[in-house]
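Here is my note for you, written as numbered points to read alongside the model. Take your time and look up each place as you go.

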Amino acid sequence: MTDSRTGLAGAAESSVAPRAPFDPARVREDFPIFATPRDKKLLYLDSAATSQKPQVVLDAMDRYYRTCNANIHRGVYRIAEEATELYEDARRRFAKFIHAASPREVIFTRNSTEAINLVAYAWGRASLKSGDAIVLTPMEHHSNLVPWHILAAERGVELRFIPMTDTGELEVSALPGLLADGRAKLVSFVHVSNVLGTVNPAAEIARIAHEHGATVLLDASQSAAHMPLDVRALGADFVACTAHKMLGPTGIGMLWGRRELLEAMPPFLGGGEMIREVHLTSSKWNELPWKFEAGTMAIAEAVGLGAAIAYLETLGMDAVFAHDRELSAYALERLAEVPGLRVLGPSADKRGGVVAFTMEGVHPHDVATVLDSEGICVRAGHHCAMPLHDAMGIPASARASFHCYSLREEVDALAEGLHRARKIFAR
Ligand SMILES: Cc1ncc(COP(=O)(O)O)c(C=O)c1O
């Protein structure tokens with residue numbers, strides 16, 4: 001079953017039965033970084049920036065380099081075929097993971113940022129002209145703002161924004177008004193905010209956008225690794241993800257797009273692999289998905305991604321999401337006990353595993369430094385969401401974020417660390 005407003009796939013749609021019950025302490029044992037000897041125990045609360053990697057991902061990448069390192073698609077010899085098979089297997093796994101109609105709809109990029117830029121360059125430049133508009137939100141990561149700034153300046157395109165409530169939820173009721181004149185050709189928005197944690201009603205936004213003839217891009221950087229994702233149920237046209245937040249390696253991202261859109265788009269980057277024929281003065285493009293994969297791709301990283309997805313499937317995405325939400329709810333409860341602390345974003349039932357906050361009279365960097373002295377890793381700054389911080393009237397915030405290996409004890413340590421920071425700076 002899929003929720004028609006959020007587009008979240010239900011338990012019945014997970015492809016592999018989760019091991020039950022979900023036990024984060026047991027999950028943690030699969031991540032070697034937590035067993036690495038160090039002065040202070042590692043309390044890692046920065047998974048929204050990048051996730052830790054399980055042993056199976058490290059092993060898969062290591063095995064690839066040790067046993068079948070070769071360039072893909074080009075060799076007829078055995079290890080080149082093996083490498084190609086591993087690379088394409090990762091694509092198939094990811095396609096299945098997000099319920100894509102076909103692996104041909106999955107394009108490997110360097111990260112989410114490149115996936116969004118690919119759409120801005122290849123689709124945007126072919127589809128938008130002066131006088132058109134793009135609808136975004138104030139809670140976008142810079143990766144889903146700056147590519148549109150560049151396009152808007154180049155083409156004379158107007159940028160419009162879905163308004164946001166004080167608690168960090170989108171006012172979706174305003175969207176039909178933003179689309180009413182028919183000039184908006186794209187609605188591009190984040191699924192889960194990397195600062196507020198807000199889970200946006202993606203399916204509802206996509207439905208309204210389509211009713212007005214607009215194409216939909218969903219930035220799933222913070223959702224793909226944390227909840228069941230069904231791109232078809234969500235109704236998006238493009239979805240951008242990044243492997244390093246999904247327990248996979250850095251250096252590889254994924255763009256899913258509806259096949260007919262991808263087929264119609266010109267290439268993004270030119271070079272080897274993305275061609276079918278090259279002459280001195282002209283060339284013909286390869287078919288999907290390789291038309292968008294120029295040059296030698298991140299092969300070992302694709303192998304790592306494949307292993308990460310297999311691992312996430314054994315956990316069960318429903319269980320991962322329930323765990324994130326439970327920790328967020330617990331963090332909201334514990335952080336409410338800290339005097340002078342303002343938690344940003346909506347109530348626990350409307351957010352994923354992200355909790356950002358400010359402490360009255362104390363700069364977030366100072367808060368993060370005190371926490372670091374106790375081995376607690378949180379992020380401080382604008383989290384690549386400057387306009388969102390501007391909208392909230394603050395220059396920066398500190399952020400704790402969770403994944404499948406995060407523990408309640410870490411939230412307790414965070415709360416205690418914040419009490420201590422408060423005492424230090426209140427002197
Ligand atoms: C919501 C969101 N979008 C996009 C990105 C960009 O991801 P990457 O740096 O992997 O391209 C991030 C990374 O933090 C993010 O949180």
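**Notes on the chain**

1. A word on what you are looking at. This is a predicted model, in which local features need pLDDT of at least 70, side-chain atom pairs count only at pLDDT 80 or more, and totals for chains, interfaces and linings use all residues. Residues are numbered from 1 along each chain as its sequence is written, and side-chain values use heavy atoms, with hydrogens and water left out.

2. Now the overall build. The chain has 14 helices and 15 strands; these are DSSP runs numbered from the N terminus, with helices being H or I of at least four residues and strands E of at least two. The radius of gyration is 22 Å, close to the 22 Å that the globule rule gives for 427 residues, so the chain is as compact as a globular protein of that length. That radius is taken over C-alpha atoms, and the rule is 2.2 Å times the number of residues to the power 0.38. Along its principal axes, the C-alpha trace spans about 75 × 55 × 40 Å.

3. How much of the chain is buried? Buried residues make up 58% of the 427, where buried means under 20% relative accessible area, exposed over 50%, and partly exposed in between (1.4 Å probe, protein chains only). As for contacts (heavy atoms within 4.5 Å), take those with a separation of 6 or more: residues 24 or more positions apart account for 71% of them.

4. Charges deserve a brief look. The chain carries 44 positive and 52 negative charges, and their mean positions are 2 Å apart. Lys and Arg count as positive and Asp and Glu as negative, while His and the chain ends are not counted. Each charge is placed at NZ of Lys, CZ of Arg, CG of Asp or CD of Glu.

5. Next, find strand 6 (residues 215-219), where five of five residues are buried. In a regular strand the side chains alternate between the two faces of the sheet. Here Thr215, Leu217 and Asp219 lie on one side and Val216 and Leu218 on the other, and both faces are covered. Strand 6 pairs with strand 5 (residues 184-190) in the parallel sense over five bridges; two strands pair if DSSP finds at least two bridges between them. Across from Leu217 you will find Ser188.

6. Tyr44 sits in strand 1 (residues 43-44) and counts as buried at 9% relative accessibility.

7. Some backbone details are worth checking. Most residues other than glycine have a negative phi, and most peptide bonds are trans. Leu247, however, has a positive phi near 75°; this residue lies in the loop between strand 7 (238-242) and strand 8 (253-257) and is buried at 0% relative accessibility. His383 also has a positive phi, about 50°, and is found in the loop between strand 14 (379-381) and helix 13 (386-391). A cis peptide bond joins Leu288 and Pro289, with omega about -5°.

8. Finally, visit Pro266, in the loop between helix 9 (259-264) and strand 9 (275-278). Is Pro266 buried or partly exposed? Pro266 is partly exposed, with a relative accessible area of 33%. Leaving aside neighbours within four places in sequence, Pro266 is in contact with Ala122, Ala126 and Phe292.
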